[in-house]
Amino acid sequence: MRPRPALFALLSCLAVAALAAPSAATAVPPNEPQAVLATDTDGDSLPDTWETSGYDANGDGTIDVNLPAMGANPTKKDLFVELD
Ligand SMILES: [Ca+2]
Ligand SMILES: [Ca+2]
Ligand SMILES: [Ca+2]
């Protein structure tokens, strides 16, 4: 039976492609958003952009929480507490 080795080789290629595709697809996307948000020089979990420009909670372009006005410093650990 001559066709069998060729068929087996084709199936092997498909199996390798199927194994390689998911790992490549899952490895890249989770890292990209975190890399953008992870710029936190002092490690206080407040991104540098929040500490220098304020935090726009609803994304309308207007700052809702003015962290720099409250004394936030991107090079010094800050802790803000909200009491309702
Ligand atoms: Ca920070
Ligand atoms: Ca806003
Ligand atoms: Ca800080």
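## Burial criterion and overall picture

A residue counts as buried if 20 or more other C-beta atoms lie within 10 Å of its own, as exposed if 12 or fewer do, and as partly exposed in between. In this predicted model, 6% of the 84 residues of the protein count as buried.

The protein has three helices and zero strands, and the order of elements from the N terminus is α-α-α. Among contacts with a separation of 6 or more, 27% join residues 24 or more positions apart.

## Confidence

The mean pLDDT of the protein is 76, and 55% of the residues reach 70 or more. Confidence is lowest in helix α1 (residues 3–27), where the mean is 49, and highest in helix α3 (residues 48–53), where the mean is 96. Residues 10–19 have a pLDDT below 50, and beyond near neighbours in sequence this stretch makes zero contacts in the model. Where pLDDT is low, the predicted coordinates should not be read in detail.

## The loop between α2 and α3

Thr 41 is placed in the loop between α2 and α3. With 13 other C-beta atoms within 10 Å, Thr 41 is partly exposed, because that count falls between the limits of 12 or fewer for exposed and 20 or more for buried. Setting aside neighbours within four places in sequence, the contacts of Thr 41 are Asp 48, Pro 74 and Thr 75. Thr 41 and Pro 74 are 33 residues apart along the chain, and their C-alpha atoms are separated by 6.3 Å.

Ser 45 also lies in the loop between α2 (31–37) and α3. The phi angle of Ser 45 is near 70°, a positive value in a residue other than glycine. Ser 45 has 10 other C-beta atoms within 10 Å and is therefore exposed.

## The segment after α3

Which residues does Asp 78 contact, leaving aside its neighbours within four places in sequence? They are Asp 44, Leu 46, Ala 72 and Asn 73. Asp 78 itself belongs to the segment after α3. The C-alpha atoms of Asp 78 and Asp 44 are 6.3 Å apart, although the two residues are separated by 34 residues along the chain. Asp 78 is partly exposed because 16 other C-beta atoms lie within 10 Å, a count between the limits for exposed and buried.

Ala 57 is in the segment after α3 as well. Not counting residues up to four places away in sequence, Ala 57 touches Asp 64 and Val 65. Ala 57 is exposed, since its count is 10 other C-beta atoms within 10 Å, and the limit for exposed is 12 or fewer.

Methods
Residues numbered from 1 in each chain as written. Chains lettered and ligands numbered in written order. Predicted model: local features only at pLDDT ≥ 70, side-chain atom pairs only at ≥ 80, totals over all residues. Helix = DSSP H or I, 4+ residues; strand = E, 2+ residues; numbered from the N terminus. Contact = placed C-beta atoms within 7 Å. pLDDT = per-residue confidence, 0-100.
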